[in-house]
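Here's a quick briefing to read alongside the coordinates. Have the viewer open and follow along topic by topic.

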Amino acid sequence: MARKRRGCTHLTLGMLLPLYVLTVAFIFFPIIYMVFLSFMTRSDTWGFELRATLENYMQLFDPLYLHTFVSSLQLAVISTACITVLGYAFGYYMARLSDTGKRRVMFLLMIPFWTSSLIRLYGWIIIFRSSGVLDTVLQALHITDEPLRLLYTYPAVVVGMVYALLPFMILSVYSSAEKIDRSLIEAAHDLGARGLQTFWTVSFPLTLPGLLSGIVLTFVPSMGLFFVADVLGGSKIVLIGSLIQEQMTKGRNVPFAAALSVILMLLTSAIIGLERYISSRTAMEEAH
């Protein structure tokens, strides 16, 4: 029995070893290397010099870069709020459809993933540009008298963020809403709860884990999806991701780009940690 147990242990370790190797090589080591670079000195030409410094982090307090962080955070909050309202309602009611309806809606949600997100964003340029699709429809309905200038504006970037990340919220909420035991809702009705009272006391707490997961899946990427701001916002809206790309390509300041990435990683890690904490507290309250 002991020999069999040792054999199972060796087999388990042998199966887990590739996972550990890949994790260290492609996740742990790049993060350590990025943190290491963030403390190095910029080279005069390209790359870095092996001289430790805190200048890269002190540079983050420059008003220009602080404004970029605040703008990125503001855009992420606004986009996530819009995605939460739309995605939660869509995912919740999608879970209440028939099996055939669920398959059809799921198919429609998956279709956009078959095309590059960058190509799909260029479709919004056709819609938002002056005398484009939206302008033509609005003027035909006599809502506007002249072409609107929506392209390369802040609302256009928000729409692009919502469009790119909305499916993640829908699927997260749907996965939780589909698991709701209908007998709990019926029991709430039997006890006199109706409408919104049933939703807030039964349905919403049960779908909260999916909602929190959706917030993480949308808020974290919206901080760094610089290509959305580049395509729909032009050069008017600069996000943290855009700043990192600029430092890597035009500025050739690799250590400062690494410092920006470290700060962004710490911010997203804090958001994920908060989501884990709220989810664990919710699970404990439900258990009691």
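This is a predicted model: local features need pLDDT of at least 70, side-chain atom pairs count only at pLDDT 80 or more; totals for chains, interfaces and linings use all residues.

**Ser203 and its surroundings**

- Ser203 is found in helix H9 (helices are DSSP runs of H or I with at least four residues, numbered from the N terminus).
- Not counting residues up to four places away in sequence, Ser203 touches Tyr88, Tyr92, Ile180, Ile185 and Thr198 (contact means heavy atoms within 4.5 Å).

**The largest pocket**

- Rolling a probe the size of a water molecule over the atoms shows where empty space is left.
- The largest pocket comes out at about 260 Å³ in volume.
- For the record, a pocket is an open set of points on a 1 Å grid over the protein atoms alone, where a 1.4 Å probe fits, with protein on both sides within 12 Å along at least five of seven lines; lining residues have an atom within 4 Å of a point.
- Grid points are joined across faces, edges and corners, and the volume is the space filled by probe spheres set on the points.
- The lining of the largest pocket has 14 residues, and Tyr92, Tyr93, Arg96, Gly195 and Phe199 lie nearest the centre.
- Which helices each supply at least two residues of that lining? They are H3 (63–94), H8 (182–190) and H9 (196–222).
- H9 gives the most to the lining, with five residues.

**Salt bridges**

- There are two salt bridges in the structure (a side-chain nitrogen of Lys or Arg within 4 Å of a carboxyl oxygen of Asp or Glu).
- One pairs Arg51 with Glu49, with the closest N and O atoms 3.0 Å apart.
- Arg51 is partly exposed at 48% relative accessibility, and Glu49 is partly exposed at 27%.
- Glu178 forms a salt bridge with Lys102, where the closest N and O atoms are 3.8 Å apart.
- Glu178 sits in the loop between H7 (154–177) and H8 while Lys102 is in H4, so this pair ties together parts that are 76 residues apart in sequence.
- Glu178 is partly exposed at 40% relative accessible area, whereas Lys102 is buried at 13%.

**Nonpolar surface patch**

- Phe107, Leu108, Ile111, Phe113, Trp114, Phe168 and Leu217 form a nonpolar patch on the surface, with about 710 Å² of accessible area together.
- Patch members have over 30% relative accessible area and no salt bridge, and nonpolar side chains (Val, Leu, Ile, Met, Phe, Trp, Tyr) are joined within 5 Å; the areas come from the Shrake-Rupley method with a 1.4 Å probe, and for residues only the protein chains shown count as cover.
- One of the patch residues, Ile111, lies in the loop between H4 (99–110) and H5 (117–128).
- Ile111 counts as partly exposed, since its relative accessibility is 33%.

**Positive phi**

- Most residues other than glycine have a negative phi.
- His142 has a positive phi of about 60° although it is not a glycine.
- His142 lies in the loop between H6 (133–140) and H7 and is exposed, with 68% relative accessible area.
- Tyr152 is likewise a residue other than glycine with a positive phi, near 65°.
- Tyr152 lies in the loop between H6 and H7 and is partly exposed at 37%.

- Val238 lies in the loop between H10 (226–233) and H11 (240–249), and is partly exposed at 35% relative accessibility.
- Leaving aside neighbours within four places in sequence, Val238 is in contact with Thr68, Ser71, Ser72 and Leu243.
- Ile126, in helix H5, is partly exposed at 43%.
- Ile126 touches Gly132 and Val133, not counting residues up to four places away in sequence.

Methods. Residues are numbered from 1 along each chain as its sequence is written. Side-chain values use heavy atoms; hydrogens and water are left out. Buried means under 20% relative accessible area, exposed over 50%, partly exposed in between (1.4 Å probe, protein chains only). Patches are made of residues with over 30% relative accessible area and no salt bridge: like charges are joined within 9 Å, nonpolar side chains (Val, Leu, Ile, Met, Phe, Trp, Tyr) within 5 Å.
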